[in-house]
Every structure is written in structure tokens, then in C-alpha cells.
Amino acid sequence: MTTTAPTPDTDTLTADERTFLQRLRRTPLRDLLRGRVSGALDYRQVIDAADLPDSVAAVIHRVAGRRGLTRWERVDVARELIAHFADGLDAGADPDELVAVFGDVDAAAKLIVRAKRRGRSWPYKLIARGAQAFGVLVLLYIVAIGYYAMGEPKIAVNYVAKLNAPLQGVPADQLAWPEYRKAFLAWSDYRDAEAGKYDDSNATFDQALSAKPGDEHWDAAMAMVERNARVIELLRHASTRDRYGYVMRGDGVSPEDHELWPDKDVATGEDHSMLIEVLLNDIMPMRNASNLLRLDALRAARAGDGRTVALDVETILNMVRHVSEPSILICDLVGMAMCDQALGVVSDTLQRTPEVLSDDQLRRLAHVISDRARVEIDMTGERMMFYDIIQRMYTDNGHGDGHLTPKAMQMMALVDALGATQDGPRGPYITATAAMPLANMVVASRRDMVDKYEQLMGQTESMIRRPLWETIDDADPIDAYVDANHSTLERARYALIWVLIPALSVLDRAEETAIGRTDGVLVGIAMEIYHRREHAWPASLDQLTPTLLPGVPRDRFTGRPLLYRLVDGMPVVYSVGADRDDDGGAAPADTPENREQFGDRLDQWASPRELNRNEPVDGDWVLWHAKP
Amino acid sequence: MRIERELMRGAGPMAVMKLLERGEMYGYELVEALSKQTDGVLAMGQSTLYPMLYNLEAKKLIASRVDETGPRPRKYYRLTAAGKKRLAQDTEQWRALMTAMACLGVTDPASAEGAPA
């Protein structure tokens, strides 16, 4: 059995027994400023010092110690009652008689508290009310923390599985990825580069892959092509499969892929990763392979091997179809970049060694390019990523609404919203929980967030689906919204959207550039065939239709037919470019001033949206021109 | 004779203000004066007096000061201008009340005339 030592009651302690801290708390500021810890606001000390009979002192203790009085008021009441009783004692009254005459002590104490409260100054009352209101707010905030802390996100949809679902049931012999994997496993250069062991004193792996005919790394590139003839064969074979078949995971790579990427974790079973965490390991090797084929095609063109040129171009375009098969924007953008490599090969061959391609090969290329070189931007995956994040950040009330959960604050680190880094969680869970009520006041509810996303995404998609000439003067919906809502609070309200919604200026430039480049190459092929037949260039592009072209492609900036003229006897096919001004087929001048303002966009174009409404560069967008 | 609480609630403050009309007084003095000058009829314990004083002070009808020159600090109360005005009004009302009571034979008409001025 244990016993507990009695706790000292401060009411019964003498002034000497009270701790320094207790006296410090009851010392007026003016005494403290004088360096005295007087404890003058301790009514008990005042009563003790009066040295009254115990029965009298007890009455004063009960009245002055009544809850509801300030320290000043306690001392004031105590002093007045001390004086009163002392006067009575001085007059010869008996202490017990004085106590009896005093009346009902508790009633007196209650009335005194009420009267003292009534007599307080209005600034005091204001501050007291303010403090009470603050206290209530703090209490409500704590209750709100409890409410929000109890909210758990409900992960209703496995978006990683949903994204991979189209591959379910596709026969294995129709899937290309296992064949691509064989090619990449056979590509020792790629695997050495991945492992940091690529060893070529003339060029790095990337330098060799991006080499152009005649530049310093060209020989290294050709050497790489020669040693990887087998890889190219495997790529060609893989590209003929109907479906791509790369299974995306966020928790690692499949056991089959582990040999290719031994540094990655092996993952099996259902993947519960966030869609935004999905590892697109395949993209870089596919792009590198596309470059290898580009180099092979350029080599073949110089060697007079038109068949290989056509085969490599077709292989790249098949790979474009594969790599952009998943409904993820980044895959589409990579597909467009690979497409540009194929178009570059054709354009280069037409300009330098057109004779290596037979008429049949040219017609075949035109058919393949018009069929496969169009990558349409698909926002399905972007939407999935958004909804996946929403379901992991918000609760779900079953009616499309909900509030942020503490996990949301930590997840912000992943989506890099509100200035967080991607290095790790945004902060401890407890901090995130404490911030919940405030965050829910600032950040939009689930329904508001989804509605705003759909509104802005819908506008963005609508603009992407329309040709550039119809939308070029319209502002990016995101920019327009931000411009119309200057308040930081309003911007913070939808911070998640600003991070997750793709920038229209990037999308329309990527897509429209791809369309323009494709149109240019198709006109170039038609022009070459016409030239072979007529031994002269056409007087106008209309002469190419309908036998060599179904119609003259439209200028992406104006909607009118592409412009065409002969410069020094050689044809130039062009768009008026971003400035929408016909400069006679002259590309923007490669001056330091233009370079400073427009960077490496000189040979392409930059939309007014992308330039933040600055004047676009002066000059035309040359889509194809023949060389003497 | 002790006055009922309800009656005392109206009469007490007026009696205190009337005493303070003559000059400032401290608590014990007030208790003694009320007891002696009313033959104990308006005698009130401190449990009644001090809440009443604090109430009157809160209403700005009386004001206080602490005199620390004596053997012990003492709080003196005095009537304010607002207190004087209220005292005059209350006196008028009491006089009317006493007259009315006299008409009903509750009080002696002579005592009604002798109501505080």
C-alpha cells in the first residue's frame, strides 16, 4: 500500500513559505521595475500581515478569495475589510460578534464580485471580452482539429490499375514491350550508360546519340550504329507489334524488367501507388532507341540505302504509336519528340540525298507519316492524376464533397504545392493536423476544387482541340483566371490546380509544331515527286493536289493555305509564323538580340501565350525548303 | 426592528448616499452612522454595505480614495455630482411615496412632511 504526501495548499501558506515564483506572479509591475519582488498583489499575504483573529481572517479570506475577482480587486477588498474589522476590534468589539454582524459571507462575496465586475473600466472589459472571444476561438479551433483529424481519405479507385487496364487480356504475342526489352538488354551501350560505365573517349552516350552528320561526334555515333545492328533489328521487330504493353508501376519494376533496371525495386501484385508516382522507366530508352534509328537512317541515306531510311523512319513512327499509347501527357510529348526525329530524317534526306528514295518509298513514307505522325494530346491520364490526388487528400462524404485531411498537407510535398520541396514529407503529421482547420479555411473543398479543375481543364482542352489560328488571340485559361483573381488567398485556394494542370502554351506549341512539321515534310515529299515528274518545281502548291496531296495544308497561324515561293529557284514552303506577317519565307534572323529574347525557339516559333504577350520574333516559320 | 430585504434594497443606497452628502466617510463609519442615526432600523452588516458601496461606485454615484496616512490604509467614499443628482431625484420619489402612504393611513401625515429634504 502506498500513501500520498499531502499537497501544500497555497491558501494556508505564510508569505515566507510561498515560492519566489508565486510572489513574482503577484508583484505589481512598478515594484518589479524597482527590483522588488513584493508580492503586493497577494491578498493572502495582505491578510496575514494584518494579524487579525483567525475567525475574522477566515471571513476576509472567503470574501477576497472568491473566484471572479482580479488580483488588484482581491487586495482592494481584503484591505477594506481588514480596515473595517480592525476598526471594530479597536472599538472593543468581540471578533466573533464582528463575524456574526458581518452577515452571510458567501452572499456578500458573490455580490462583491458582481459589483466589482460592474465597476471595471471599459478598456478592461474590452480586453477581457477579447480574451474570452479568443479563448472561445482557440477552443473551437481545437474542436475543429479533432474533427479534421478524424477525417480519413477514402481511396475508392486504383488509378494505376485503371491506367494499365487496357492491357488486360491482350495476347502476349501482340505486346511490343517484351520485344523492346530484348532490344534494350542487347544494347550494351545503353546498359553501360545506365550503369555509368559507358566508355568512349570520343563522345558520351548522349553526345553520340544526338550527333548530326558532320559534327564532332558523328564518327562516334556511326560506330555506335555499327555495333548495334542487332539491336536495330530487334527494335524493328518489336515496333511491328499491335500494342505497346509496358505495365506502369509506382512501387518498382516487374520481375521481367528487373534485369533491365537492376537498381530498381522488384514489385509484384497490386500496385497501390499514387498515379503521379508511376515510374516511366521506358520513356528514356525508347527515346534513345529512336535516336539510334535516326542515326542509322542518316547513315543509310548517305550510303544510298533508301530502303533502310524508309524502314527506320517507319520503325520510329511505330515506336511513337507505342510510346504514346498510355494516356499520359508526358508520353504524348515524348512521342512528339520522337516523331520530330523521324520527320527530321525525311526532311534531311529530301534536301541532301533525295535520289536514295524511290517514288514508291516516298509514297509509302507519305502514307506512313500522314497516318502515324500525328500524336494527339490526351488528357485522360492528367485527369486521373488529379482525381487520384483528390481522393487521397480529401475525405469523401459520398456526395462529391469533403475536406482536406492531415495527409493532404504531407502529400503537398509530392505535388510541390504551396512551396514544398519534393525531398520528403512537408512536416510532421502532428503539425499537419494542427494546421488542418486553417488549411480547410484557405484551400477549396473537394467539390469546389474539382469543379474549378473541370472548368479550367475543359477550357484548356477545348482550346487544344481547336486549331491554333482559332485560339491564338485567346489567353491561357489559367492565366486569365489568375489575372482576374489577384488575391493571394484566391490563388492559394486552388493551389493544387495550378500545380497539376498543364500549361496551355506548352501544349499548343508542342502539338501545333508537330502538325506544322508533319505538313511541311508531306509537302516536301509531294514536291520531290512532282519535281521528278515535271523536272521543275510547281508554280503553286495547288499543282500538288489532289494527286500528290489531298489538299494544301493550312498555315497554323492563319488558317489559310501554307505559303510557297521560289527563292533563287528553290522552293520554300512556310507559315507566316507567330508574328502572322509574311516575311517572304525568311526565317527569323539568328541575332544575339533574338537569341536573348527567344532562346532556341528561333527555328520553331513561340506563341504569344508562351511569350507572355510580348511581341513574337519577326520572321516566318519555314516548314520545308529544298537545297540546291 | 429589521427592515425586510426588498424594502432595504431601495432604502439602503439612498441612506448611504444621504450620509455621504455631508462629507466623505469610510465603511466602518457608515455602518456605525446608519445604526446609530436610524436607531438600528437601517443597520446593515458589512455583507450588505460593501457590495452596495461597490455598486454605487460602479454606477459613478460615489467615488473613493485610499488614505494611507493613518495606522492602516482606509478607503473613504464621497458623493459625486451624479450621486447628488440621483439623491435629489430619489428624495423626491421617497417624499411622494410617503405622502401616498400617509393618504392611505399607512404612515403618519406629520412624518410624511418630515421626510428627508
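Two residues are taken to be in contact if their C-beta atoms, placed from the backbone, lie within 7 Å. The model described here is predicted. By this criterion, Val231(A), Ile232(A) and Leu235(A) of helix H14(A) meet Ala289(A), Leu292(A), Leu293(A) and Asp296(A) of helix H16(A). The residues of this contact comprise six nonpolar, no polar and one charged. H14 spans residues 229–239 of chain A and H16 spans residues 283–302 of chain A; the two pack at an angle of about 115°, and their axes lie 11 Å apart. Since angles of 65 to 115 degrees count as roughly perpendicular, H14(A) and H16(A) are therefore roughly perpendicular to each other. The crossing in which H14(A) passes H16(A) is left-handed.

On the H4(A) side the contact involves Ser55(A), Val56(A) and Val59(A), which meet Pro95(A), Asp96(A), Leu98(A), Val99(A) and Phe102(A) of H6(A). Six nonpolar residues, one polar and one charged make up the contact of H4(A) with H6(A).

The domain assignment divides chain A into domain 1 (10–120), domain 2 (159–372), domain 3 (380–501) and domain 4 (535–625). Taken over C-alpha atoms, the centres of domain 1 and domain 2 of chain A are separated by 91 Å.

Chain A and chain B are in contact through 22 residues from chain A and 17 residues from chain B. On the side of chain B that touches chain A, at least two residues each come from helix H2 (27–37), helix H3 (46–58) and strand S3 (74–79) of chain B. The most is given by H3(B), with nine residues. Sorted by class, this side of chain B has seven nonpolar, six polar and four charged residues.

Backbone geometry was examined next. Most residues other than glycine have a negative phi, and most peptide bonds are trans. In chain A, the peptide bond joining Thr545(A) and Pro546(A) is cis, with omega about -5°. Pro546(A) is placed in the loop between helix H29 (504–534) and strand S1 (563–567) of chain A. His535(A) also has its place in the loop between H29 and S1 of chain A. The phi of His535(A), a residue other than glycine, is positive, near 55°. A residue with 12 or fewer other C-beta atoms within 10 Å counts as exposed; His535(A) has 7 and is therefore exposed.

In chain B, Lys60(B) likewise has a positive phi, near 65°, and is not a glycine. Lys60(B) is found in the loop between H3 and strand S2 (62–67) of chain B. With 13 other C-beta atoms within 10 Å, Lys60(B) is partly exposed.

Glu21(B) lies in helix H1 (residues 5–21) of chain B. Glu21(B) has 15 C-beta neighbours inside 10 Å and so counts as partly exposed. Leaving aside neighbours within four places in sequence, Glu21(B) is in contact with Leu79(B) and Leu87(B). Although Glu21(B) and Leu87(B) are 66 residues apart along the chain, their C-alpha atoms are separated by 8.7 Å.

How values were computed
Residues are numbered from 1 along each chain as its sequence is written. Chains are lettered from A and ligands numbered from 1 in the order in which they are written. This is a predicted model: local features need pLDDT of at least 70, side-chain atom pairs count only at pLDDT 80 or more; totals for chains, interfaces and linings use all residues. Axes are lines fitted to C-alpha atoms, for helices over the stretch in contact, and angles run from 0 to 180 degrees between N-to-C directions. Helices (H or I, at least four residues) and strands (E, at least two) are DSSP runs, numbered from the N terminus. Angles under 35 degrees count as roughly parallel, over 145 as roughly antiparallel, 65 to 115 as roughly perpendicular and the rest as oblique. A crossing is left-handed if the near helix is turned anticlockwise from the far one by less than a right angle, and right-handed if clockwise. Ala, Val, Leu, Ile, Met, Phe, Trp, Tyr, Cys and Pro count as nonpolar, Asp, Glu, Lys and Arg as charged, and the others, Gly among them, as polar. Domain bounds come from an automatic or database domain assignment. A residue is buried if 20 or more other C-beta atoms lie within 10 Å of its own, exposed if 12 or fewer, and partly exposed in between; C-beta atoms are placed from the backbone.
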